[in-house]
Amino acid sequence: MAALSNLHQHGFLLEVTTEKLFSNLSSILAAHQRFWQEVMRPMLQMARQTGRPFDPLMLEPGCLQFQERFPSYFQYCLEEEKAVDFTRRQMESNPHFNAFLTWVETHPQCSRMRLGDMQAKPHQRITKYPLLLKAILKTTEDPETQDSLKRMLSSINNFVDNIDNHLKQRHEELALFQCAQRIEGFDMMEGMSEEIDKHVREFCQFDLMSPVRGADPEVIRKLLLEDTVKIRGRKDSRVGYSRHVLCEASTHYITSYKVKEKKELYSFFECPVNHIVQ
């Protein structure tokens, strides 16, 4: 990050910013530094001053505040995939970036780490705190200290799980949003007057992103399965003799669509379930 900032000062690689490569890494570094200064360092100083072993109880207040101390991890993990994709595109099209990357990865201070390793390092680091506490717990005999360590482990593991769940939910929302963008509107009432159509239209909209009726606001639909199936029916029926239809199963709907000609859009297709043969 420092090397890239120095290049920017001289007018080079201005199209490659630290935010695009590392998202909000500076906020994560600051959070870890504060955690070290306020939580880890006092325990280390106490051990040096007294000559006694580390006191794990001194870690408990800080470890129980992981959610408040490291909120920047949610943004970083959400944007990590975007940063990796940006890096790949720069490596494919920007020779100046490749020259810079070669210099950085061979610099002694980088300890032979590649850029991809650097981008994954923050996520890996947060998972080392539970490993540290487990190692301490394994050699701890005092029941009070054991209970304290278990509380710390539970707090940190819950935080890591919350990150994973948040990422999973955002990916599910994105998949559902992309699905909803491809679906054209449809008319449930056909052959009715304009006056009736005016009053009924707002109730005939199908929005996958709308809240689930009767559920909490945080409950969202999830796309469970998407596949192409073959529909067969009589030649003179609306279903047609043979047609490939896209079917999608979400947590609250099973819908079928037909591809619009010369468009990457889908329109609703009515078919009985017993006509699905594949």
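Is Cys-110 buried or exposed? At 17% relative accessibility, Cys-110 counts as buried, where buried means under 20% relative accessible area, exposed over 50% and partly exposed in between, with a 1.4 Å probe and protein chains only. Cys-77 is also buried, at 6% relative accessibility. As for disulfides, a search of the whole structure finds 0, taking a disulfide as a pair of cysteine sulfur atoms within 2.5 Å.

Some notes on the source. This is a predicted model, in which local features need pLDDT of at least 70 and side-chain atom pairs count only at pLDDT 80 or more, while totals for chains, interfaces and linings use all residues. Residues are numbered from 1 along each chain as its sequence is written, and side-chain values use heavy atoms, with hydrogens and water left out.

Now to the helices, which are DSSP runs of H or I with at least four residues, numbered from the N terminus. Start with H7, residues 95-105. Its buried residues are Phe-97, Phe-100, Leu-101, Val-104 and Glu-105. They cover an arc of only 125 degrees around the axis, which puts them on the same side of H7; the arc is that of the directions from the helix axis to the C-beta atoms. The face turned away from that buried side carries Pro-95 and His-96, both exposed. What do the buried residues of H7 pack against? Their partners are H1 (2-9), H2 (18-22), H6 and H8 (115-126), with contact meaning heavy atoms within 4.5 Å.

H9, residues 128-138, has the buried residues Tyr-129, Pro-130 and Leu-133. Seen down the axis of H9, these fall within an arc of 95 degrees, so they line one face of the helix. Leu-131 and Lys-138 are exposed on the other side of H9.

Next, Gln-90, which is found in H6. Gln-90 counts as buried, at 11% relative accessibility. Leaving aside residues up to four places away in sequence, Gln-90 touches Glu-15, Val-16, Phe-97 and Asn-98. Of these, Phe-97 has already come up as a buried residue of H7.

Last, H6 (residues 72-93) packs with H3 (residues 25-50) at an angle of about 145 degrees, and their axes are 9 Å apart. Axes here are lines fitted to C-alpha atoms, for helices over the stretch in contact, and angles run from 0 to 180 degrees between N-to-C directions. Which residues meet? Leu-25, Ser-27, Ile-28 and His-32 in H3 meet Ser-72, Tyr-73 and Tyr-76 in H6.

Conventions. Helix = DSSP H or I, 4+ residues; strand = E, 2+ residues; numbered from the N terminus.
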